[in-house]
Amino acid sequence: MGIICSDMGIDVTQAGWLMSAIGWGSLISALPAAWILTKLRPKLTMALAVLCPLIAGVIGAIPDSFAMLMVASAFSGVGIGILGVISAFIIDEWFTPDKRGLPTAILISTYPMACFFMLNSSPVVESIAGWHGVWTVGAVLCAITLVLVLAFLPNERPYSETYAAELAAADEAAKSEKVSVAKLLSCRSLWCVLLAFLAFDITFYGLTSYMPTTLTEVYGADLAQADFAVSLLSAIMIPALG
């Protein structure tokens, strides 16, 4: 963040908006992700989820304005929103309910692992190719992943297809029963979960977004040291989530 602010002449508030764009992109794409899944099926939906950050990496590698960086961040967020839905769906399809615990834990653990890798590798890439190079490496990784998805990810839905008749009957029953929005909004357990996620995300991501910059500009740490210190939070998450 500090390097981008200095190089592009933007302030810390604008840098914060780059992170916010990721969040808004994720929110907007997560809402219709289930509908996209029904139209494209697993393979193409996952491909779309990976394609979005690939596009973001290409845009971010050659930006000439703050607006272009905002667009790149938004594309990254769109990919994250779709990815969260399709990843959970794939686990539900390929594992029965009594065996979904371990693959779900592995899936969730990959996020802090990715953050740990990202924070510790980006200073090295930046020192070699500048901050544009970080976006380029991200685009290359997404391109490799996209090829793997198209080549190896099955397009079947084994769980749904096995229990197709039961699911169809359940769908008919669900259609005949109207959903009460008022009843949904009055569910205290739902609000507790939402507020817990909201409080955690505001606290954790609000602090970690600015933490490396604070360590470098206020406490005199170099970028690699600052990113490593922040990555320790992700390292602690990995065994906790697993």
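Is Ser 122 buried or exposed, and what is its relative accessible area?

Tutor: Happy to, and please keep in mind that this is a predicted model. Ser 122 is buried: its relative accessible area is 16%, which falls under the 20% cut-off for that class. Its place is in helix 5. Leaving aside residues up to four places away in sequence, Ser 122 touches Val 134 and Asp 227.

Now let's follow helix 5, which spans residues 101-152, to its partner, helix 3, residues 33-61. Two packed helices are described by the angle between their axes and the distance between the axes. Here the axes come within 8 Å and cross at roughly 160°. Because angles over 145 degrees count as roughly antiparallel, helix 3 is roughly antiparallel to helix 5. Their crossing is left-handed. On the helix 3 side, the residues making the contact include Lys 43, Met 46, Val 50, Leu 54 and Gly 57; on the helix 5 side, Trp 131, Trp 135, Ala 139, Cys 142 and Leu 146 are among them. Sorted by class, this contact has 18 nonpolar, five polar and one charged residues.

Most residues other than glycine have a negative phi. Arg 41, though not a glycine, has a positive phi, near 65°.

How values were computed. Residues numbered from 1 in each chain as written. Predicted model: local features only at pLDDT ≥ 70, side-chain atom pairs only at ≥ 80, totals over all residues. Heavy atoms only, no water. Axes fitted to C-alpha atoms, helices over the stretch in contact; angles between N-to-C directions. Helix = DSSP H or I, 4+ residues; strand = E, 2+ residues; numbered from the N terminus. Parallel < 35°, antiparallel > 145°, perpendicular 65-115°, else oblique. Left-handed = near helix turned anticlockwise from the far one by under 90°. Contact = heavy atoms within 4.5 Å. Nonpolar A, V, L, I, M, F, W, Y, C, P; charged D, E, K, R; others polar. Buried < 20%, exposed > 50% of the residue type's maximum accessible area, 1.4 Å probe, protein only.
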